[in-house]
Amino acid sequence: MYLIYGATHLVKVSYFDNRFLVAMVFLTTFIIPLLSVVMMRLTKNIGSFHMHSKEERVFPFSMISLFYMITTYLFYLKFRIDPALLLALVVITISVIILTSVTFFWKISAHMTGISGLVAIIFAIALKYPSYDYLALVIGSILAAGLVGSSRLYLNAHTPGEIFGGFILGFSICFSAFYWLL
């Protein structure tokens, strides 16, 4: 949503397209994956929504990776969206696929992968377009990442290494793509 509403100098779409794009992204990357996880819980394919073990995360993360791949492919094929938005979808999909692959061996933080991807995108855009004032967004996203990481530690959901691993995964992929390809 940041790329649609916050970086208007990068993305050029009409008001109707903005609402449509946000609704489609929300439906295909949140609602449908959420419903699939709920169904996995109801059918006892996962023991809890928390997915405490890495073994329990593999199937849901694999399904979510599939949903993200389909979404990215359909947006590329069927919708005329701005290249910056398509880049965001591709980069997020790659992050989710790599996160899923890593999950076979290690339970890194998906929350930190996501929030650090946002930090990286904002940071890369701020570096590429210094004529716009992004300081508040950069600071706000870093604080949000700190809060997410701290909350995951407070809840004993992850170790510091898992938090750091998730941060490095999301930040490195998203920053590299947005800095070099945007």
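Helices (H or I, at least four residues) and strands (E, at least two) are taken here as DSSP runs and numbered from the N terminus. The structure is a predicted model, in which local features need pLDDT of at least 70 and side-chain atom pairs count only at pLDDT 80 or more, while totals for chains, interfaces and linings use all residues. Residues are numbered from 1 along each chain as its sequence is written, and side-chain values use heavy atoms, with hydrogens and water left out.

Backbone geometry is considered at two loop positions. Most residues other than glycine have a negative phi. Lys44, which is placed in the loop between helix 2 and helix 3, is not a glycine and yet has a positive phi of about 65 degrees. With a relative accessibility of 67%, Lys44 counts as exposed, where exposed means over 50% relative accessible area, buried under 20%, and partly exposed in between (1.4 Å probe, protein chains only). Asn156, located in the loop between helix 6 (135–154) and helix 7 (160–181), likewise has a positive phi, near 55 degrees, and Asn156 is exposed at a relative accessible area of 69%.

Helix 3 (residues 54–78) contains Tyr73, which is partly exposed with a relative accessible area of 49%. Together with Leu66, Met69, Ile70, Leu74, Tyr76 and Leu77, Tyr73 makes a nonpolar surface patch of about 690 Å². Such patches are made of residues with over 30% relative accessible area and no salt bridge, nonpolar side chains (Val, Leu, Ile, Met, Phe, Trp, Tyr) being joined within 5 Å and like charges within 9 Å; a salt bridge is a side-chain nitrogen of Lys or Arg within 4 Å of a carboxyl oxygen of Asp or Glu. Accessible areas come from the Shrake-Rupley method with a 1.4 Å probe, and for residues only the protein chains shown count as cover. Phe59 is also found in helix 3 and is partly exposed, at 42%.
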